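Below are some short notes on the model, for checking against the coordinates on your own screen.

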2 protein chains.
Amino acid sequence: MVSQRALDVLRVIVEDYVASREPVGSKTIVERHSFGVSAATIRNDMAALEEANLIHAPHTSAGRVPTDLGYRRFVDSLTDVRPLTGTQISAIQRFLDESLDLDDLFGRTVKLLSNLTNQVAMVQYPTLSRDAVAHVELLPLGTHRALSILITTSGSVDRAVVEFDVDIDDSNLGSLRAQVNSALQGQSLGDVNSVLTQLASTADAKTRTLVESLRLSLIDQIDAQRHDRLIVAGTPQLIRSEGDFSRSLAPVMDAIEEQVVLLTLFDEMRQGESSTVRIGRELADDLSDTSIVSASYTAGGGDTARLAVLGPTRMNYPLNMAAVEAVARYVSQILGDDS
Amino acid sequence: MVSQRALDVLRVIVEDYVASREPVGSKTIVERHSFGVSAATIRNDMAALEEANLIHAPHTSAGRVPTDLGYRRFVDSLTDVRPLTGTQISAIQRFLDESLDLDDLFGRTVKLLSNLTNQVAMVQYPTLSRDAVAHVELLPLGTHRALSILITTSGSVDRAVVEFDVDIDDSNLGSLRAQVNSALQGQSLGDVNSVLTQLASTADAKTRTLVESLRLSLIDQIDAQRHDRLIVAGTPQLIRSEGDFSRSLAPVMDAIEEQVVLLTLFDEMRQGESSTVRIGRELADDLSDTSIVSASYTAGGGDTARLAVLGPTRMNYPLNMAAVEAVARYVSQILGDDS
DNA sequence: AATTGGCACTGAAGGTTCCAGAGTGCTAAT
DNA sequence: ATTAGCACTCTGGAACCTTCAGTGCCAATT
């Protein structure tokens, strides 16, 4: 049975261990915190915690260290995420307000988060379904392919290659571009599909097949769109906290470079609005010493994506949660303003 | 005085040390290579090499390790860079030929280089002065600013924010967009300046100031353009060769993340056509254990930029030089083909 | 003059032993 | 349920030794 006091003990173990990097023992606990009981009592509680697999002793005679489960319990017990200080918040605001387009905003966001938390920071590109088409550019690529570049009103730019069933020349492409643009300009991304279907039905045969190919390519592009990209900053921080990883950092860096695993994880977390924490093996087997704290932000029309920090399980969860939430809030705010 | 044989000794010291990670001693040298002389003689040569600051003993009774200068001498003495094997080359070609636009090509290039060499790989974006304007998109950003997006025929996309002196509305922007596009489409980037100056001179007063603002922004954009970006892959490799760095990897990762230092170095190297090597402190004081092997590639009309691999000074220079050169050659070829 | 065998010397790496200290678990007393 | 007391365990560091790879130097040889 894990008493309430035992849980308090767990809390100070996590806090002290995160602060000192040292396993914490019963004696240090009674010295540094006023539990009003003796070390022996604390030891009994620790035995219970160990029984419940919340803490763990590296060896017989060292203090205790939280397990993944211990961190989990600690994080779940944080009811109120203490917000950042006023100066920090206004700094965030000032810094992010200066940003110009999406890429710039996200670039600033990751840097900011990384500096705030001293961890690796990541932002996932949002899908912007409320976003509308500003321009579609088509560039020839051999005789039956073209590069399509989709520019949206939010300033995002996306490329794809379109394969045509038939041969094309510059004038085909020019007229296709003109027709498609006049049909699509100002249309929301969600409507691209129907508008192009409509256009295809009224066009002559040759144009129809071209429009069809382009349509398929564009909706793929819009679908898969940005959700599959991650902006990352602060990888050097990983090196600085290398001591907190029992094994090599290589798998962690692989995950960051590959992005796929992380994006999948983000998708799994897709619901919560306040911060979500994934600890150690909850992430993946080869990310055993790694934790991710993430929050979702909204990019205008109900579309959400996530931003996160990644670091050792032995991280300052309250701080990171506060930072991630604050930044997510302001990013949402900025993206909501200029719609 | 450093005899010819002493230089041969230097060569095998570098080779063996790179292969084994172990300081190499006189005895191992006579065992593994047929110099036809005794260990004592080798020792005399090594004394000369040490005198000349080409090798260095970590401690009294260990073998020798090349100094930065030793590596330099070794690299300079490589006359013929042994090319890659035929299968490697055709693999490179096949892999790169599949790429679709610039970004894709560079993405593939860094991955390829990183796999080939097991080092961090980087590609510097080229300036594409021969490249031409495909489209200029303008998106409103408040009452006196706009986001301009420049698409070129090579498929590259660049953004900038234009500040206008006067207030604008959507119709201003629309007509500006129309005029600018009809004037610029198909013009080479180098001609943008004169074409817009020309356009400004024939337009009415209000349009003139708008065109002027846009012109200044665009030429800035074209100037500064891509040279200031670096595509990077393979950072995890750095961790894997961590043992080769005497100090922390943090400064190295900082340099990679910041990019500025590296880009400056690239600019300094801007001349050579075959591979250029920078070793240890030749790079920067806090990159003492790091080397960069780079080569320039041409992106069509005489514009050049660089690609490179970065790793510990204790790296396989011949291999890396061959890889960098081969890849640079094929990238140049691809960029030359579809002009 | 260059090369060589011989040899004493050096310093690192690794193993052993010892000690101190931190922390535990258990037990008996409160 | 809590506690003081105590024996026990394990780590980390210091001190020490031995081994060994590799050196520098010297005198002898070619």
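Which residue in strand 10 of chain A is the bridge partner of Ala121(A)?

1. Val309(A) is that bridge partner. This is a predicted model, in which local features need pLDDT of at least 70, side-chain atom pairs count only at pLDDT 80 or more, and totals for chains, interfaces and linings use all residues. Residues are numbered from 1 along each chain as its sequence is written, with chains lettered from A and ligands numbered from 1 in written order.

2. Strand 3 (residues 120-124) of chain A has five of its five residues buried (20 or more other C-beta atoms, placed from the backbone, within 10 Å of the residue's own), so the strand is largely enclosed by the rest of the structure. Val120(A), Met122(A) and Gln124(A) point one way, and Ala121(A) and Val123(A) the other.

3. Strand 3 of chain A runs antiparallel to strand 10 (residues 304-312) of chain A, with four bridges. Four bridges also join strand 3 to strand 7 (residues 230-233) of chain A, again antiparallel; here Val123(A) is partnered by Ile231(A).

4. DNA strand C is surrounded by 22 residues (C-beta atom, placed from the backbone, within 6 Å). The closest are Gly25(A), Val37(B), Thr41(B), Thr60(B) and Ser61(B). Helix 3 of chain A gives the largest share of this surface, five residues.

5. Confidence in chain A is lowest in strand 6 (residues 157-163), at a mean of 81, and highest in helix 4 (residues 68-76), at 97.

Conventions:
pLDDT = per-residue confidence, 0-100. Helix = DSSP H or I, 4+ residues; strand = E, 2+ residues; numbered from the N terminus. Buried ≥ 20, exposed ≤ 12 C-beta atoms within 10 Å, placed from the backbone. Pairing = 2+ DSSP bridges.
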